[in-house]
Amino acid sequence: MLEEVKFKVLRYDPDKDGKKRFQEFRVPIRKGMTVLQGLLHIKEKIDPTLSIRFSCRMATCGSCGMMINGLPRLACYTLIEELKTRTVVVEPLRNFPIVKDLVTDFEEFFNKHRSVKPYLIRIDTYVQEKSNTMYLQSDEELVRYVQFAYCIKCGLCYAACPVVATDKTFLGPQALAQAYRYYADSRDEAGVDRLKPLGDGSSLLRCHFAASCSQVCPKGVDPALAIQLLRKEVLLRS
Amino acid sequence: MGADIDVDVAILGSGLAGLRAAIEAARTGRDKLVVGVFTKTQVMRSHSVSAEGGTAAVLYTDEGDSFQSHIYDTVKGSDFLADQDAVELFVKKAPEEILQLERWGMPWARRPDGKIAQRFFGGQSYPRACFAEDKVGFFEMSTLYDTSLKYDNIVFYPEWAAVDLFVENGKFKGFAALELKTGKIHKVSAKACVLATGGAGRLYSFATFGYSSTPDGYYMAYKAGVPLKDMEFVQFHPTALVPSGILITEAARGEGGILVNAKGERFMKKYAPEKMELGPRDIISRAMYNEMAEGNGVEGPDGVKHLYLDLRGLGEEKIKTRLAGIREYCMHLAGIDPIDEPIPVRPAAHYYMGGVDTNIYGATQVAGLWAAGEVGCVSINGANRLGSNSTTECLVWGAITGKAAAEYVLAGHNHSSVNNSDSIAIEKHVYDELLGKAPRENPYDIRDQLQANMERTCHIYREEKTMLEGLQTIRNLKQKMFRGVVDSSRYYNTNLMNVLEIEMMIETAEVILVSALNRRESRGAHARLDYPKRDDVNFLKHTLAYYTEDGPRIEYVSPVITEYVPTERRY
């Protein structure tokens with residue numbers, strides 16, 4: 001059991017010199033300690049100027065995505081011991097603009113999510129908004145979309161995506177998985193209207209199925225599968 | 001100079017109550033009103049996402065459940081301190097909210113007939129907790145956030161933390177918000193406001209709360225002259241994972257999980273022979289404390305005692321389909337698979353029954369200011385909240401307050417304008433007193449001392465002597481030289497945000513201790529060793545704590561009792 005590891009943390013402050021550099025910290029560790037706890041040790045005991053975004057510490061709020069030893073991961077759900085290394089290298093998520101240190105800007109990411117109309121679209125809007133009706137759903141119908149509803153919008157898939165890195169018009173795995181989640185919900189009635197905008201340009205079709213998105217998802221969502229299913233629907237129906 | 005931003009309805013907070021309020025305000029004022037959602041976190045990060053087990057509502061009266069039963073369970077659970085008219089409103093509105101979420105896309109678990117499934121929760125005498133695996137809060141948040149994106153008149157201001165409310169002549173007119181990304185303090189003008197910032201959060205070291213849960217809303221309202229009600233009632237959830245404090249949902253017991261001590265005994269039979277593990281949280285947490293105090297706890301690796309939650313009797317299938325989330329946490333963060341091994345648990349601070357004093361419709365004493373969810377105290381929870389009622393409360397009062405706030409603006413209520421003098425105090429504090437000034441004492445150490453103090457002096461059991469020590473410690477902490485922020489950067493300065501939070505935590509902890517000291521009885525979650533009996537003659541009352549420069553001033557007001565006369569609580 002190691003008693004101490006080295007954290008190599010990328011620092012960046014646009015208010016200072018605006019240069020990126022690595023800073024090293026020695027962090028005492030214990031069994032079961034997460035990378036987030038290591039970073040909090042740095043912030044609270046060594047250098048309070050370190051900026052981190054975090055909250056729930058249970059892989060549910062999606063705040064603490066960052067590059068840890070080169071891979072996008074949630075800091076709160078990555079045990080230091082599982083990295084099997086004496087040096088933990090921590091950098092902000094790729095494919096996102098940096099705000100400060102490990103904190104990145106999610107505006108474009110959330111805009112892309114919004115652009116796929118991630119909500120139930122119904123013909124019976126009055127019933128949907130005003131009634132006391134219950135739409136029925138079977139287990140089989142639920143299973144068709146529910147795994148895609150596990151998405152916590154942490155951005156790990158977006159950071160891992162090689163297409164997002166080169167083509168900003170590509171919606172990315174998160175938004176596309178959500179497009180499929182609502183398309184596949186038996187209660188949704190938008191149908192082919194959801195597919196039409198996806199058939200144009202590179203918003204969907206640029207994906208070349210590297211599937212790195214599915215590998216890094218901390219919630220077991222398979223965006224690559226969603227993209228494949230969406231593509232099939234687009235080709236068949238629109 | 002006037003305000004930097006002008007909205008019609010401001011929602012502070014983007015958890016369940018905040019999002020529900022935003023949608024209701026937006027649809028009430030469609031094409032007429034702009035609704036701004038100002039939230040300290042990014043969207044979808046609020047701690048509501050961590051609610052796990054269920055949302056209570058009476059759905060099937062034809063199958064045996066009834067409004068009356070949910071009302072009585074809630075009132076009895078509250079140790080008769082809840083306002084019974086509010087509980088009645090709550091129970092009657094709850095089913096609408098479950099169904100509305102359903103029609104917005106919530107992936108509720110289903111019965112074979114395609115209708116929404118329900119399960120048991122503690123203190124509820126019928127299986128009335130609607131659920132979606134054990135990720136209920138998360139799915140509710142996703143559903144509401146996604147649905148809010150339909151509305152062009154909802155504008156999100158993520159990572160804009162409200163830090164000071166502007167109230168003039170008893171009327172709300174706006175607030176100051178710290179934009180984390182740029183470090184600017186903005187003056188926001190709003191005609192109406194719904195506070196939905198959650199409870200007091202991490203005042204205790206062993207807690208289920210996320211790090212962003214701090215008492216910002218409590219403190220801002222208190223400072224602005226609104227009393228805090230019933231703050232002595234802090235709920236300790238019986239089952240938090242050791243050592244992280246991550247919540248292990250009560251649904252684990254609702255599905256059949258049992259609690260055992262170091263000797264392997266199912267000890268709840270001594271404390272709640274009828275309901276056993278499905279008694280209310282206050283009773284189970286006390287039972288667990290007693291077991292550990294009597295030497296029946298298990299010694300953890302770090303010397304902290306715990307007990308076991310045993311799910312092995314449920315079988316693999318049930319755990320994998322209905323409790324998948326907690327299995328994940330146990331496996332990943334504690335190296336335990338609940339299918340094969342019992343889970344090490346102990347009680348953790350989880351919920352504040354008290355909050356910003358409101359009337360039955362969530363309105364505060366300040367015109368134009370409402371409060372909904374954990375930050376508010378209507379009160380339906382009284383001295384002890386029942387599991388699965390809090391997410392329902394967020395939905396019900398989110399909807400009520402969002403609508404009321406929008407209607408208030410549509411009715412033409414105006415307020416005086418926001419000007420420079422409104423934000424002078426907070427700007428001076430942040431820019432002159434805090435930013436870039438190295439404090440003599442580490443604020444994070446002060447926070448640790450505060451949490452340790454609350455754990456020691458105002459926990460599951462309380463008594464005058466230790467609470468007086470606790471209050472003295474809090475007052476000493478106030479005087480410590482921690483007010484300073486080493487980080488001088490304007491951009492994403494969480495060091496600054498943390499110091500502001502710690503100041504608010506200290507003030508709120510003081511209110512809890514003073515309220516608890518003054519309540520010389522035991523009721524619900526407030527268990528005093530020196531006053532072990534409930535005292536309806538003197539304390540069948542809500543505590544109201546008003547801000548003064550010398551600490552809180554305490555007053556009392558009677559709860560609304562319509563039908564159910566207080567009796568002894570047995571489970």
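Me: Where in chain B is B:Ser379 found?
Reply: In this predicted model, B:Ser379 is found in the loop that lies between strand 18 (376–377) and helix 11 of chain B.

Me: And what about the peptide bond from B:Val378 to B:Ser379, cis or trans?
Reply: The bond from B:Val378 to B:Ser379 is cis, and its omega is near 15°. A cis peptide bond also joins B:Val242 and B:Pro243, where omega is about 5°, and B:Pro243 is found in the loop between strand 11 (234–241) and helix 6 (251–254) of chain B.

Me: Back to helix 11 of chain B, how does its axis sit against that of helix 3?
Reply: The axes of helix 3 of chain B and helix 11 (residues 390–410) of chain B come within 9 Å and cross at roughly 90°. With angles of 65 to 115 degrees counted as roughly perpendicular, helix 3 and helix 11 of chain B are therefore roughly perpendicular to each other.

Me: Which residues meet there?
Reply: From helix 3 of chain B come B:Phe90, B:Lys93, B:Ala94 and B:Glu97, and they meet B:Thr392, B:Glu393, B:Leu395, B:Val396 and B:Ala399 in helix 11 of chain B. Divided by class, this contact of helix 3 with helix 11 of chain B has five nonpolar, one polar and three charged residues.

Me: Changing topic, how many residues does each chain give to the contact between A and B?
Reply: The contact takes 44 residues from chain A and 43 residues from chain B. On the side of chain B that touches chain A, the elements that give two or more residues are helix 3 (84–103), helix 4 (136–148), helix 10 (324–334) and helix 15 (494–518) of chain B. The largest share of that side, five residues, comes from helix 4 of chain B, and the residues of the side of chain B that touches chain A divide into 18 nonpolar, 14 polar and eleven charged.

Me: Which residues of helix 10 of chain B are buried?
Reply: In helix 10 of chain B, the residues B:Gly325, B:Ile326, B:Arg327, B:Tyr329, B:Cys330 and B:Leu333 are buried. What covers the buried residues of helix 10 includes strand 11, helix 6, helix 9 (316–322) and strand 15 (343–352) of chain B.

Me: What follows helix 10 of chain B?
Reply: Helix 10 of chain B is followed by B:Gly335, whose phi is positive, near 65°. A positive phi is also found in residues other than glycine, including B:Tyr492, with phi near 40°, and A:Asn69, with phi near 45°.

Me: Is B:Tyr492 buried or exposed, and why?
Reply: B:Tyr492 has 29 C-beta neighbours inside 10 Å and therefore counts as buried; its place is in the loop between helix 14 (464–479) and helix 15 of chain B. A:Asn69 has 16 C-beta neighbours inside 10 Å, so A:Asn69 counts as partly exposed, and its place is in the loop between strand 3 (65–68) and strand 4 of chain A.

Me: While we're on chain A, which domains is it divided into?
Reply: Chain A is divided into domain 1 (4–104) and domain 2 (107–237), and the C-alpha centres of domain 1 and domain 2 of chain A lie 30 Å apart. Their contact takes 14 residues from domain 1 of chain A and 14 residues from domain 2 of chain A.

Me: Which strand gives the largest share on the domain 1 side?
Reply: Strand 4 (residues 71–74) of chain A does, with four residues of the side of domain 1 that touches domain 2 of chain A. By class, that side of domain 1 of chain A has eight nonpolar, four polar and two charged residues.

Me: And chain A overall, what does it span?
Reply: The C-alpha trace of chain A spans about 60 × 35 × 30 Å along its principal axes, and chain A has ten helices and seven strands. Buried residues make up 50% of the 238 residues in chain A. Among contacts in chain A between residues at least 6 apart in sequence, 67% join residues at least 24 apart.

Me: Last topic, what is the strand order in the open sheet of three strands in chain B?
Reply: The order is 3-5-4, with antiparallel pairing, in this open sheet of chain B. Strand 3 (55–56) and strand 4 (118–119) of chain B stand at the edges with a single partner strand each, so one side of each is left without a neighbour in the sheet.

Me: How many bridges join strand 4 to strand 5 of chain B?
Reply: Two bridges join strand 4 of chain B to strand 5 (residues 129–130) of chain B, and the two strands run antiparallel. The bridge partner of B:Arg119 in strand 5 of chain B is B:Ala129.

Terms used. Residues numbered from 1 in each chain as written. Chains lettered and ligands numbered in written order. Predicted model: local features only at pLDDT ≥ 70, side-chain atom pairs only at ≥ 80, totals over all residues. Contact = placed C-beta atoms within 7 Å. Nonpolar A, V, L, I, M, F, W, Y, C, P; charged D, E, K, R; others polar. Axes fitted to C-alpha atoms, helices over the stretch in contact; angles between N-to-C directions. Parallel < 35°, antiparallel > 145°, perpendicular 65-115°, else oblique. Domains from an automatic or database assignment. Buried ≥ 20, exposed ≤ 12 C-beta atoms within 10 Å, placed from the backbone. Pairing = 2+ DSSP bridges.
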